[in-house]
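Thanks for asking me to look this over. Here are my notes, as numbered points, to read with the structure open beside you.

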Amino acid sequence: MIETELAIVGAGPAGLSAAIEARRAGAEVLLIDENSRPGGQLFKQIHKFFGSRSHKAGTRGMNIGTELLRESKELGIQTWLNGEVCGIEEGHKLWVVRDRSRSEIVKAKKIILSTGATENAVPFPGWELPGVMGAGAAQTMINVNRVLPGKKVIMLGSGNVGVIVAYQLLQAGAEVVAILEAAPKLGGYGVHTAKVSRAGVPFYVSHTIKQAFGTDHVEAVEIVKLDDSFKKVPGTERTLEVDTVCLATGLTPLTELAWLAGCKFCYVPVLGGHLPIHDDKMHSTQPDIFIAGDISGIEEASTAMEEGKLAGINAACELGYIAPEEAEVRSREIWDSLNSLRSGYFGQKRRDSKVSILQKSEELISYFKAMII
Amino acid sequence: MNRIPNHPILGEEKPGKEVQIFVDGRPIMASEGEMIAAALIANGIWINRYTAHKNKPRGIY
Ligand SMILES: Cc1cc2nc3c(=O)[nH]c(=O)nc-3n(C[C@H](O)[C@H](O)[C@H](O)COP(=O)(O)OP(=O)(O)OC[C@H]3O[C@@H](n4cnc5c(N)ncnc54)[C@H](O)[C@@H]3O)c2cc1C
């Protein structure tokens, strides 16, 4: 068994930012990620980020990743790659499978869960055929592995992930036959949508995939129009020849470890579904367990980094490396930054949802306090 | 081949060391250290298995 002061699960933007803050304060940190390279989603994001300039907008995601890795190297943060955290046991013990071959138990005084999210799939007849995949999977193939997963692609979902990956498929040399959106309005930010539209990709709103055809691989899809209540309109079917179907139909926080740890959850559809309740220090309802990033609600790398900093600072504070007054001042600064990130039409909805989570956390705390008294 | 040697943002990819691997007895060329799924797709191999009951093909997702 290995002991550490702070174990962080997941080395995406949230986990890396948390590790940097806590290590800088003096805490002993062990950062664990299942991949062979840290950075989480960042190295797939070859586009310039949106948002305000103070939040690295205009910088490509992959360059933010390189910057975070440089800082974590400079601080000498201990990092286990190819390490999959498969369980949390009582006494803050993490069960880690290293290099897919051996188990190791890590006992930590504090734990930060920054495991990110997983892609949602939409089932339709033929959805299991080779060639139907998550947009994120296609993105990993083209931008990380430099392999083109298909030549004629249809994208289901017009949110930011759908339009950005569609554009990146074009950059990689694929043809994007169409982008479908079940809702009557497009979901992504205007800048991204406009770019794809200028490249000549047709958008179909109020449309979905009825089925995919093929024997050993996708050969075609049948698309269909949807009415105002999302019901398929008979007679509007049309068949398009494609060899790849990408699903960009939302993400769900990867919360298994938080469930295992006994964290209390709430259901917030705007942020991706069931999430661990947390307070303004990113503390979950379990003592010593913090969360940060997409696990606490699907947002963006920019918010994930801020939440990571909050978790890192407050975990280091609980470990005695940062005075509570200082932690509070710095947390408040981060909250200012988070509030400015969570503004605008889409941001405000996320901000309101986050406020509702914080309220739930306060209610729970006062409930438990009342029970103890 | 389904590789992307030139990319408008990522630039040119320096080819890594080539290695030969065998898939169901058939030799294919892969780049040393790359993900197996990537090597398979680069070589046009999409089917990773057939399901036990209905014998249907499955690939990456
Ligand atoms: C197509 C696309 C475009 C995007 N564009 C933007 C943008 O322009 N601007 C922006 O700000 N954001 C953007 N984002 C969002 C951003 O990438 C995510 O919000 C961000 O990466 C979340 O960070 P995270 O650290 O919470 O999770 P991740 O980056 O997902 O990192 C989590 C890490 O934890 C690891 N992990 C999970 N479980 C375990 C376990 N049990 N054991 C070990 N390791 C584990 C994962 O493998 C992963 O490496 C985009 C996302 C996508 C998909």
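1. A term to start with: a cavity here is a set of grid points where a 1.4 Å probe fits but cannot get out, and its volume is the space filled by probe spheres set on those points. Please keep in mind as you read that this is a predicted model.

2. With that rule, there are three cavities of 30 Å³ or more. The largest cavity has a volume of about 60 Å³.

3. Which residues line the largest cavity? They are A:His47, A:Val163, A:Ile164, A:Tyr167, A:Gln168, A:His192, A:Lys195 and A:Val196. Sorted by class, this lining has four nonpolar, three polar and one charged residues.

4. Two helices of chain A, H4 (160–171) and H5 (190–198), each supply at least two residues of that lining. H4(A) provides the largest share, with four residues.

5. Strand S8 (residues 132–134) of chain A makes the largest contribution to the lining of the second largest pocket, namely three residues. By class, the lining of this pocket splits into eight nonpolar, four polar and four charged residues.

6. On to the contact between the chains. The size of an interface is often given as the accessible area lost when the parts come together. Here chain B and chain A bury about 2,200 Å² between them, and 62% of that area is on carbon and sulfur atoms. The contact involves 26 residues from chain B and 23 residues from chain A.

7. How many salt bridges are there between chain B and chain A? The count is zero.

8. Looking at the side of chain B that touches chain A, strand S1 (6–7), strand S2 (11–12), helix H1 (36–42) and strand S6 (57–58) of chain B each supply at least two residues. H1(B) gives the most, with four residues. By class, this side of chain B has 16 nonpolar, five polar and five charged residues.

Notes: Residues numbered from 1 in each chain as written. Chains lettered and ligands numbered in written order. Predicted model: local features only at pLDDT ≥ 70, side-chain atom pairs only at ≥ 80, totals over all residues. Heavy atoms only, no water. Nonpolar A, V, L, I, M, F, W, Y, C, P; charged D, E, K, R; others polar. Contact = heavy atoms within 4.5 Å. Buried area = accessible area lost by both parts, 1.4 Å probe. Salt bridge = Lys/Arg side-chain N within 4 Å of Asp/Glu carboxyl O. 1 Å grid on protein atoms, 1.4 Å probe; cavity = no way out; pocket = protein on both sides within 12 Å on 5 of 7 lines; lining within 4 Å.
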